[in-house]
Amino acid sequence: MSTGKTAAETETSSPSGELVPSEAVRAEYEELVEEVRKHRFAYYQEDAPIISDAEFDELYRRLETLEALHPELVANDSPTQEVGGEVSAAFAAVEHLTRMYSLEDVFSLEEVEAWIAKAEAAAAKIGNGGNPPSWLTELKIDGLAVNLLYRDGALVRAATRGDGFTGEDITHNVLTIKEIPQQLTGSNFPAEMEIRGEVFIPSKDFAAFNEALIEAGKAPLANPRNAAAGSLRQKDPAETAKRPLKMYVHGIGAREGLETASQSDTYRQLAEWGLPTSPYFEVLPELKDVLDFIKRYGDKRHSLSHEIDGIVIKVDDLATQRALGYTSRVPRWAVAYKYPPEEVNTKLLDIAVNVGRTGRVTPYGVMEPVKVAGSTVSMATLHNQDVVKAKGVKIGDIVVLRKAGDVIPEIVGPVLALRDQQDPPVRDFVMPTECPSCGTPLAPGKEGDVDIRCPNARSCPAQLRERVFHLAGRGAFDIEALGWEAAIALTQPTEPEVPPLTTEANLFRLTPEDLAGVRIRREKRSKGVATGEFELVPYFYTKGTAKNPSKPTASTEKLFNELEKAKTQPLWRVLVALSIRHVGPRASRALATAFGTMDAIRQASEEELAGVDGVGPVIAVALKEWFAEDWHREIVDSWAADGVRMEDERDESTPRTLEGLTVVVTGSLEGFSRDEAKEAILVRGGKAAGSVSKNTSYVVAGENAGTKLDKAEQLGLPVLDEDGFRALLANGPDGLAGAGEGAGDADVEDGEDHQQASE
């Protein structure tokens with residue numbers, strides 16, 4: 001990640017004395033944004049984080065620091081402006097009645113003290129009877145946030161948090177969790193009520209479930225959080241029902257007729273209705289009591305019924321909560337203290353390298369297996385050779401391994417006092433000069449890129465394997481039967497055979513005959529335990545005999561069915577599947593909406609691409625460079641010839657009334673969701689921007705319009721209410737005469753959606 005310089009070393013000053021970001025700062029910022037987005041997608045959509053919580057927190061805080069120093073870099077779609085992740089296409093998208101916010105994280109007791117002092121001062125300003133707030137202090141469950149919608153006491157829908165506004169409909173899976181009542185007990189229920197909580201797997205149940213998997217010869221699940229998230233995202237509810245899921249509710253969103261004075265009173269009411277509430281919460285009067293609670297549960301975190309990764313502190317009084325309100329991303333009345341990551345010592349047996357789908361060669365540590373944060377660890381990423389050098393680790397060292405309760409651990413550094421005692425003696429890691437997969441000489445990346453890359457993008461088996469695995473992912477073609485092992489089997493040669501795929505261009509030309517002889521190298525297991533011995537076994541076909549010839553497995557037949565379905569995926573998913581650097585789901589959606597066809601995207605100029613909202617110059621350059629390669633174009637042409645959809649259907653009857661106009665929508669509109677308003681602008685030829693500038697043509701201000709309305713008024717921009725927006729959509733600027741121009745009595749708040757919500 002490092003550019004080798006800090007922001008302070010690379011920024012310059014303008015004549016007015018303001019800090020101006022240098023090219024190095026801009027490059028670091030763009031890379032940080034890409035990294036944070038990638039890791040958020042892995043965490044929220046794939047339920048498979050590829051770095052530790054501690055590493056992500058470090059990346060995120062560095063991003064916040066750069067944005068604080070250089071606010072002109074901040075885009076509306078920066079990860080710091082968003083909550084959670086995008087919604088998986090595997091489930092129907094549903095809108096929450098009120099937004100599900102994230103929580104501000106703090107990492108030290110000093111930060112807890114500072115946050116409480118700030119909240120007390122803010123509460124004193126708004127006036128709450130002269131009494132300082134009491135603090136509802138509870139455990140931060142390491143699970144998956146879920147929103148339950150009850151109508152007249154009956155559970156009608158369950159959804160994941162998603163991006164805070166829109167989540168995934170997981171109702172059928174949630175109905176398998178016994179602790180969640182489908183009908184509330186008692187009476188006097190609100191007509192409509194959103195209940196927020198955390199779904200998790202208890203620690204003992206998780207251990208027993210993993211033991212059963214191992215006994216059955218299956219791979220154990222990584223940790224309770226990912227296991228819970230993956231269980232709720234099973235496409236078959238019967239599979240979810242096999243998982244030992246539980247839930248504790250911890251907050252409330254929309255409510256109609258529920259009047260309670262405090263968060264703790266709300267918990268008691270929810271418990272009376274039969275909802276599962278946590279036994280681990282206390283209402284505390286002072287800071288010292290909160291700090292004692294943090295220490296007490298930190299000391300016994302592994303004796304609790306479930307995994308935790310911190311403590312949540314909330315203002316208990318609901319009137320004070322409402323008065324304190326929200327920023328654009330987090331409530332001002334709650335904070336999450338995160339415990340320091342756990343650390344253990346283990347031996348670093350070797351440092352090997354992995355080749356990613358863009359050719360990046362990443363070192364990783366191979367260690368003596370050790371249990372940390374509830375799971376056994378034997379590998380940890382080391383990012384790049386500069387990180388290996390900076391950490392000062394040598395092969396054979398006893399190292400400090402840190403794990404923050406997630407999947408991927410971190411090697412902190414060597415235990416130097418033990419270095420001279422190692423037998424055999426420790427030795428330095430030497431970065432290979434040739435690709436371990438294809439033998440091509442490795443090369444440095446572009447200027448400012450510390451990574452070493454394999455330039456043989458077209459033919460390197462490792463890069464091809466990673467690209468094939470990527471294109472099958474949920475964010476691309478969503479080919480469930482093409483998982484990690486299947487990607488290996490399709491792309492990696494098992495001597496002397498040539499693999500079925502030597503380029504992803506031929507993916508949709510595979511036949512059952514191509515797969516008949518494919519074998520995969522797999523470690524032998526005895527009663528679920530690895531033996532250290534390996535063998536080549538058939539992957540796509542069963543092992544046959546003279547009397548019983550081999551036949552395709554069920555997953556092989558499923559693979560061909562899903563390949564056919566993949567051909568019908570929308571254009572944006574095809575773009576994601578191409579593994580174009582920087583082009584993820586967000587940019588792909590924007591490109592597909594703006595251009596409509598793959599041919600139009602290919603033929604667009606760099607300026608036209610960069611002008612699309614959500615794309616910009618970095619992605620535009622990446623697109624032009626990608627399509628400049630002959631073999632890249634061959635992939636697109638082959639897929640198109642094989643029937644993959646390369647064009648989205650458009651309703652030509654919709655008039656292009658907003659051609660050349662840039663429209664910003666802020667606040668809540670009665671007749672449009674955020675996505676509907678954006679879509680309405682785009683299909684009429686307009687640009688739906690996320691931030692207000694002098695280039696903005698119109699600002700549409702709904703309820704709780706926020707600071708964007710303030711900026712529009714400062715710049716003297718035309719401001720429309722919802723009626724004016726409808727007139728603009730229907731007839732363009734000519735339709736605005738007397739049709740509701742002006743923001744009316746929009747209620748301005750600091751934060752776009754000032755609503756009652758839990759984290």
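Predicted model: local features only at pLDDT ≥ 70, side-chain atom pairs only at ≥ 80, totals over all residues.
Residues are numbered from 1 along each chain as its sequence is written, and side-chain values use heavy atoms, with hydrogens and water left out.

The buried residues of α21 are Gly616, Ile619, Ala620, Ala622, Leu623, Trp626 and Phe627, buried meaning under 20% relative accessible area and exposed over 50%, with partly exposed in between (1.4 Å probe, protein chains only). They cover an arc of only 160 degrees around the axis, which puts them on the same side of α21; the arc is that of the directions from the helix axis to the C-beta atoms. The 12 residues of α21 (residues 616-627) should span 16 Å at 1.5 Å a residue, and the 17 Å between its end C-alpha atoms agrees with this, the expected span being 1.5 Å times one less than the number of residues.

## Helix α22

Helix α22, with 12 residues, reaches 16 Å from its first C-alpha to its last, close to the 16 Å expected at 1.5 Å a residue. Its buried residues are Trp631, His632, Ile635, Val636, Ser638 and Trp639. Seen down the axis of α22, these fall within an arc of 165 degrees, so they line one face of the helix, and they pack against α13, α17, α19 and α21, with contact meaning heavy atoms within 4.5 Å. Just after α22, Gly643 takes a positive phi of about 100 degrees.

## The largest nonpolar core

The largest nonpolar core has 59 residues, of which Phe477, Leu482 and Trp639 touch the most other members; such a core is a set of buried Ala, Val, Leu, Ile, Met, Phe, Trp, Tyr and Cys residues joined through side-chain atoms within 4.5 Å. Elements that give two or more residues to this core include α13 (461-471), α14 (484-491), α16 (554-566) and α17 (571-577), as well as α21 and α22, and α17 gives the most, with six residues. Leaving aside residues up to four places away in sequence, Leu482 touches Val468, Phe469, Leu471, Ala472, Ala487, Leu490, Leu507 and Leu559.

## Helix α4

Helix α4 (residues 109-126) has 18 residues and reaches 26 Å from first to last C-alpha, close to the 26 Å expected at 1.5 Å a residue. Val112, Trp115, Ile116, Ala119 and Ala123 are its buried residues, and seen down the axis they fall within an arc of 100 degrees, so they line one face of α4. On the other side of α4, Glu110, Lys118, Ala124 and Lys125 are exposed. The elements against which the buried residues pack include β5 (135-141), α10 (287-299) and β12 (308-315).

## Strand β9 and the chain as a whole

Eight of the nine residues of strand β9 (residues 192-200) are buried. Strand β6 (residues 144-151) pairs with β9 in the antiparallel sense over eight bridges, and seven bridges join β9 to strand β10 (residues 246-255), also antiparallel, pairing requiring at least two DSSP bridges between two strands.

Across the chain there are 25 helices and 26 strands, and buried residues make up 50% of the 759 residues.

Note on methods
Helix = DSSP H or I, 4+ residues; strand = E, 2+ residues; numbered from the N terminus.
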